[in-house]
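Here are my notes on this structure. Please read them with the model open beside you.

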Amino acid sequence: MLDDTRKWFSDRVGAPVLLEKLRERRVSGLSPTHFVGGVLLMLFLLEVASGILLMLPYRPDPQHAHASVVAIAGRLPYGSLVRGVHAWTSHMFVAMLFVQIATVLLNRVYREPKELVWWTGLLLLVTGVSMAFTGALLPWSQNAYLQARVSSEMIGQGPIFGPWLKRMLRGGDDITPWSLGHAYGFHTGVLPALATLLFGFHMAVVRRSSGGPVEGATVPVYPEFIVRLAAVCTAVLLLIVSLATFVPVAVGTPVNMAQSMAPAGGGTAPSDVLPPWYFLFLHDLLRAAPPRLLGVESAKFVLGALSVLALFAVALPFIDRKGSKITAYIGAVLIVVFLVLTGHAIL
Amino acid sequence: MRSSEHTLLFAASIALAVGVASSASRADAPPLPSASAAAPPAASGSAAKPAGSEEAPRPKRPERDANTCFTCHLSLPDAKLRKAAEEFSHSVHKDERIGCVACHKGNASDPTVQAHDKTTGFIVRPTHAQVAALCGGCHEDPTFVRRFNARLGVDQRKLFELSRHGKMAAAGDAASPTCTNCHGVHGILAVSSPNAEVNRRRVRDLCAKCHGNVETMKPYGLAATQPVAWSKSVHGKAFHEGSEQAPTCTGCHSPHAGTLPGTASVAALCDRCHQDERELFLKSPHSRAFRKLGLADCVPCHGDHDVTRTSWLAGMTPDSACAKCHSKDDKPKKVAEDIAVLLEDVQKAEHAAAVDLAEAKTAGLLVPDASFAVDRLRTAKIRLITTVHTLDMQQLGDDANAAKMIAQEARDLLTKARRDRQVERRGYFVAIGLASLLLTLLVAKSIQLARRRRRGES
């Protein structure tokens, strides 16, 4: 009976052909990039699913945004769970993106023929962080508002595109009620669409570029690797659902524009407001730096240095053609610096 | 031919772009400092003209434009002589049509020291007695005042003369305050300016300069306790917490007239904000009794500058408002005690509901309906406090019951939310159990697959 059904389907879908191909394909059984990549895909799908659920009751206008999030968290059945899953998954997603980039950097697998994999990966990192960043503003709480203000102010210090990017993110010169519409549009439309395209392209190039037999690749993709990946994904899912259940994500008090606008000039935000954790390293750097570095405002200097670093990362496949260990060492140092700064800012 | 045309066009567009850019940068530039804004346009007129404009220079109007007093005093080496001009540059009067001569007379269009000649009517320093008349010279003239601010009143001097301050000044008391004591001399600011001492946010401190000083008040037989008493009152506390509605000194005392003529007590003003309380009070047995005893309606219980919330002090404890008049064996004693019990019950119910709500919030349980109920409970409590003014026990009992029912509603909603949360948690544990089972199966399967593969390889 079961076999009959399976045959009925496979005759029409042609699944066995695909499965046979996957059976023949071999990967290294413990390749971290494959696992993290798989988990990232699962997290992305989870974000899309929970995000669509949250879109239904959410009202993206400043008058109702906060109240609707309170209603989601308080009144709707399983609303707080869905919201918790969405929020915790976003943190996990950004963290996993960092892990993936770090792994690739340390293993130097950005080299030919994987340049496109590396570049789409970098773009995915930017898109992922942007998604988390724009989503954080949507509850329209005082804290989210101030966080968004601090973070976008930092982005605005970037060279050349900084001020433009800041205006783009804010939908104006400051965080105003219009910023909410901007953030909502980016968070639910532009960025997920971009991420979907990038994911598809990324995986397609991963498949193409890892064509030949790789040393140590002994595990067939189907069923063994997929079963392993499913186990890892289930474990991550367990963690997220547990976090969402037992560590509630606060909604906070609604935005009080009058209070926030109080410091004239609007540029400075209260110093006790921290940006989201993935920007903490920057915050820490800026706080520790003297007001001016090499005759430039230190914020501009640090953001400029980071931009140079980003350009360096983009050009990496050409710079490091032979796979010298030096880039791996530099990468390792950068990762340690990031971890130490973030840790320091949290503590 | 064609190319030269192009060159011409190019040059013209460059010129246009430069012109636009330069005028745009002028528009973006910060406004000129107020000192130069008050300077005669003869000096700044040409600079303010946009570059490349063909407009003819504005004809000078010496009778309006010249304020040589200001420009000269601003450049004097003696700081004492410069100070007046410097202060004036920030003032609301810095408009060139008012200028120094409005008060000091003299000749503003004469740039030499002859401008101070006594024949021009020049006054060095107007005397205390002259000030009110000097200010009134403009501020009593509606057609003049209307040119600057159509909403500004013209009765300040008349009201001032009705006030005790004004009467003291008329009697020749040089220590009494006149216009300049509160508004300043050269640096007079609009009342709406946050830097003005007469501004709502600062006026208490201004009044307290004299009314908070025991030595200053002694000759007039006044206490100097009012500013401190106000700060401790419900009004003062609300003000210090940032309320925009809380009355400061000028909320009850007319800024220029002081006490309103014909009013015996401040109680005549309370109903400007507290209408319901007064209306209910007038229907109560207290109203008639107070009139008979010559007591001001609100003051015996609530005080004046130190307005306190006596509502929660109802009852017969030594510091309660009721005990001030009613003795222990008085007939109204029972009413006072009953009211105290009702108020305390509602207070307790409200507190319990608020604590319950806060605990739920800390546990991550958001119950919007319950927080709405707690808000409604607050309204019901205020209604009850208002009803106290009637002394109508029937009505008070009803209001107290209504409040207690809302408190119960909030508690019920919270209990229900907690139960729902527990059900959700149970669902969570079932889901976790199933997922763990799945995880175990997947791990087992992958181990099995790995073993099978290794066997196949070997």
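Among contacts in chain A between residues at least 6 apart in sequence, what share join residues at least 24 apart?

1. The share is 79%. Two residues are in contact if their C-beta atoms, placed from the backbone, lie within 7 Å.

2. Some ground rules. This is a predicted model, in which local features need pLDDT of at least 70, side-chain atom pairs count only at pLDDT 80 or more, and totals for chains, interfaces and linings use all residues. Residues are numbered from 1 along each chain as its sequence is written, while chains are lettered from A and ligands numbered from 1 in the order in which they are written.

3. Chain A has 14 helices and 4 strands. Both are DSSP runs, numbered from the N terminus: helices are H or I with at least four residues, strands are E with at least two. Of the 347 residues in chain A, 33% are buried. A residue is buried if 20 or more other C-beta atoms lie within 10 Å of its own, exposed if 12 or fewer, and partly exposed in between, with C-beta atoms placed from the backbone.

4. Next, the contact between the chains. Chain A puts in 22 residues and chain B 19 residues. On the side of chain A that touches chain B, helix H4 (65-74) and helix H10 (221-246) of chain A are the elements that give two or more residues. H10(A) gives the most, with 13 residues. By type, this side of chain A has 15 nonpolar, 4 polar and 3 charged residues. Here Ala, Val, Leu, Ile, Met, Phe, Trp, Tyr, Cys and Pro count as nonpolar, Asp, Glu, Lys and Arg as charged, and the others, Gly among them, as polar.

5. Now look at the cores. A nonpolar core is a set of buried Ala, Val, Leu, Ile, Met, Phe, Trp, Tyr and Cys residues joined through C-beta atoms within 7 Å. The largest one has 91 residues, and those with the most contacts inside it include A:Leu43, B:Ala370 and B:Leu414. Helix H5 (residues 79-107) of chain A supplies the largest share of this core, 12 residues. A second, separate core has 10 residues, among them A:Phe281 and A:Val302.

6. Stay with H5(A). This helix has 29 residues and reaches 41 Å from its first C-alpha to its last, close to the 42 Å expected at 1.5 Å a residue. The expected span is 1.5 Å times one less than the number of residues. After H5(A) comes A:Arg108, whose phi is positive, near 55°.

7. Is A:Ser50 buried or exposed? A:Ser50 is buried, because 22 other C-beta atoms lie within 10 Å. Its place is in helix H3 (residues 32-55) of chain A. Beyond its neighbours within four places in sequence, A:Ser50 is in contact with A:Val82, A:Val85, A:His86 and A:Thr89.

8. B:Lys381 sits in helix H23 (residues 368-387) of chain B. B:Lys381 counts as buried because it has 21 C-beta neighbours inside 10 Å. Leaving aside neighbours within four places in sequence, its contacts are B:Val346, B:Glu350 and B:Ala403.

9. Last, confidence. The score pLDDT is the predictor's confidence in each residue, from 0 to 100. Chain A averages 85, and 92% of the residues score at least 70. Within chain A, H3(A) is highest at 93, and helix H11 (residues 257-261) is lowest at a mean of 59. Over residues 262-269 of chain A, pLDDT stays under 50. Where pLDDT is low, the predicted coordinates should not be read in detail.
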